[in-house]
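Me: I'd like to learn how to read pockets and helix packing in a model like this one. Could you walk me through it?

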Amino acid sequence: MGRDEQDDSFSDLAVAGQDLDAYGAAARRGGSARTPSAAGVLDADEVQGVLSGAFYSPPARSQHPPRPRGEKLPKPAHYKVICISLYTKDLQALDAAVDELKTRGITKASRSALIRVALEQLDLDKVPRGM
């Protein structure tokens, strides 16, 4: 059933020839309902309006307009992604040093962070000539 074809139980009670009171459907001759029902308390149009506005409508879009396809964000200027080659034994030593720093509680230790720290401490006078 589509939204327009939904069964509206509030209007069905009135169409079926039943009298409605504050407690919902009441028998025509002397009967009374014991508990209040939604039909007697809520307006069918109001309920349908709330449901269609809150539950059946698509989510609201962000206030920022979407970026057109193909438009790229500006590249960050404070760092660059590069590729370097390392011997496997050097890479294993680097990873072992990162693991050791993490066991010591330096949770943000990474390969790149460790290389940056090593560059800060580098003494060019101690670099061997035959690298």
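Reply: Happy to! Keep in mind that this is a predicted model. Rolling a probe the size of a water molecule over the atoms shows where empty space is left. Here, the largest pocket is lined by Ile82, Ile84, Ser85, Leu86, Leu91, Leu94, Arg111, Ser112, Ile115, Arg116 and Leu119, and its volume is about 280 Å³.

Me: Which helices supply at least two residues each of that lining?

Reply: Helix 4 (88-103) and helix 5 (111-121) do. Helix 5 gives the largest share, with 5 residues.

Me: And how does the lining of the largest pocket divide by class?

Reply: There are 7 nonpolar, 2 polar and 2 charged residues in the lining.

Me: At what angle do helix 4 and helix 5 pack?

Reply: The angle is about 95°, and the axes are 9 Å apart. Angles of 65 to 115 degrees count as roughly perpendicular, so helix 4 is roughly perpendicular to helix 5. On the helix 4 side, the contact involves Leu91, Leu94, Asp95, Ala97, Val98 and Leu101, while helix 5 contributes Arg111, Leu114 and Ile115. By class, this contact has 7 nonpolar, no polar and 2 charged residues.

Me: What lines the second largest pocket?

Reply: Look for Ala118, Leu119, Leu122, Val127, Pro128 and Met131. This second largest pocket has a volume of about 200 Å³, and its lining consists of 6 nonpolar residues, with no polar and no charged ones. Notice Leu119 in particular: this residue lines the largest pocket and also the second largest pocket.

How values were computed. Residues numbered from 1 in each chain as written. Predicted model: local features only at pLDDT ≥ 70, side-chain atom pairs only at ≥ 80, totals over all residues. Heavy atoms only, no water. 1 Å grid on protein atoms, 1.4 Å probe; cavity = no way out; pocket = protein on both sides within 12 Å on 5 of 7 lines; lining within 4 Å. Points joined across faces, edges and corners; volume = space filled by probe spheres on them. Helix = DSSP H or I, 4+ residues; strand = E, 2+ residues; numbered from the N terminus. Nonpolar A, V, L, I, M, F, W, Y, C, P; charged D, E, K, R; others polar. Axes fitted to C-alpha atoms, helices over the stretch in contact; angles between N-to-C directions. Parallel < 35°, antiparallel > 145°, perpendicular 65-115°, else oblique. Contact = heavy atoms within 4.5 Å.
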